[in-house]
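Please read them beside the coordinates.

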Amino acid sequence: MRNPLSDTIINIKPSGIRKFFDIVSEMNDPDVVSLGVGEPDFETPWHIRDEGIYSLEKGKTFYTANSGLKELRVEICNYLKRRYQLTYDYTETLVTVGGSEAIDIALRAMINPGEGEEVLIPQPSYVSYEPCAILAGAKPVIIELKHENQFRLTAQELEDAITDKTKILILPFPNNPTGAIMEKEDLEAIAKVIEKHDIFVISDEIYSELCYTDNHVSICNIPGMQERTVLINGFSKSYAMTGWRLGYACGPKEIIAQMTKIHQFCIMCAPTTSQYAAVDALKNGDEDVAHMRESYDQRRRYLVHAFKEMGLECFEPFGAFYIFPCIKEFGMTSDEFANRFLQEEKVAVVPGTAFGDCGEGFLRISYAYSIEKLKIAMGRLSRFVTKLREEKK
């Protein structure tokens with residue numbers, strides 16, 4: 001019988017994050033502490049849930065427009081103006097099923113398969129970028145971010161990666177898994193390279209509300225960048241709405257129109273209940289976001305201090321809710337360290353290699369967990385690294 005499967009799909013590796021989720025599930029041990037999930041431990045604020053419930057009670061269970069409720073798209077534009085001084089019209093906005101769908105269809109709308117067009121992907125970064133680029137028919141080109149640069153993208157690294165086939169740069173900041181951010185000066189420097197080579201940007205800003213220095217700066221704030229950028233954001237991280245599956249994209253009208261066409265045929269529209277809830281989140285959720293950000297910041301500062309106390313090298317992250325400690329001193333791969341740590345101390349973390357080969361020698365630890373769980377995990381980690389150092393003597 002003819003092989004029914006696509007070679008492209010077969011050759012794409014499954015997510016490295018899922019491996020450790022599966023191991024923890026199979027262990028079925030209540031003593032295991034998992035720090036692997038990039039999901040807020042907060043419940044969706046009640047007033048947002050209530051709005052979703054109310055929409056169901058009122059029978060608002062029908063399709064919305066393909067691009068999303070007009071009211072929601074208007075509120076997205078109001079939010080971006082209020083928070084980041086970005087001006088969009090609701091016709092330049094598309095509501096998607098999470099930020100992940102927006103990444104997928106932005107690439108598919110912009111890439112010409114079979115022409116060897118290249119997508120630049122700074123790594124370590126979110127696991128979906130490279131597979132989505134491949135599925136869109138592009139050639140992914142990896143830019144290895146450096147620990148000594150706090151995993152920021154430099155103008156020189158960008159310049160060195162560009163060829164005459166380069167079409168798109170994915171800009172994943174604040175970053176998952178490193179917690180790295182880009183300052184305005186960093187963005188201004190790479191913007192010059194972007195304009196020089198006439199390339200486009202997909203800026204994934206899903207963690208924009210989780211910055212612990214100054215307010216987040218978007219690449220779209222830099223003159224000349226908004227017209228060549230698809231900005232992606234959503235509700236999962238900021239409003240603790242992961243299960244509602246709602247994101248959005250804003251960008252040049254001609255790109256958004258083609259993204260909407262793909263969305264129309266593959267999805268139809270994002271969940272109606274989620275859209276009504278999201279309107280309330282944008283209108284009334286600022287205090288909830290501030291409260292969650294403050295809690296994450298407390299956890300972040302605790303972990304930075306804990307790593308210093310145990311002598312584990314780690315730069316201070318200023319965004320998202322991840323920290324990326326270096327474990328190279330132990331002479332183990334990230335996978336070996338994570339496996340042994342899980343088996344011996346019953347703490348699950350994610351190997352840095354799940355986010356690209358240049359993540360070797362690092363671990364991703366999520367602090368989207370209670371401070372109590374983090375304290376238990378750090379106590380076990382301190383004991384574990386002490387044991388490893390004794391073994392090396």
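Which residues does Thr272 touch, not counting residues up to four places away in sequence?

1. Thr272 touches Lys60, Phe62, Tyr63 and Thr64, once residues up to four places away in sequence are left out, a contact being heavy atoms within 4.5 Å. Its side chain also reaches the backbone oxygen of Phe62 at 2.6 Å.

2. Thr272 lies in helix H10, which covers residues 272–284, and with a relative accessibility of 12% Thr272 counts as buried (buried is under 20% relative accessible area, with a 1.4 Å probe and protein chains only).

3. This is a predicted model, in which local features need pLDDT of at least 70 and side-chain atom pairs count only at pLDDT 80 or more, whereas totals for chains, interfaces and linings use all residues. Residues are numbered from 1 along each chain as its sequence is written, and side-chain values use heavy atoms, with hydrogens and water left out.

4. The protein has 13 helices and 12 strands, which are DSSP runs (H or I of at least four residues for helices, E of at least two for strands) numbered from the N terminus. Its radius of gyration is 21 Å, close to the 21 Å that the globule rule gives for 393 residues, so the protein is as compact as a globular protein of that length; the radius is taken over C-alpha atoms, and the rule is 2.2 Å times the number of residues to the power 0.38.

5. Of the 393 residues in the protein, 55% are buried, and among contacts between residues at least 6 apart in sequence, 76% join residues at least 24 apart.

Notes: Buried means under 20% relative accessible area, exposed over 50%, partly exposed in between (1.4 Å probe, protein chains only). A polar contact is a pair of N or O atoms within 3.5 Å; within protein, one must be able to donate a hydrogen and the other to accept it, and residues adjacent in sequence count only if both atoms are side-chain atoms.
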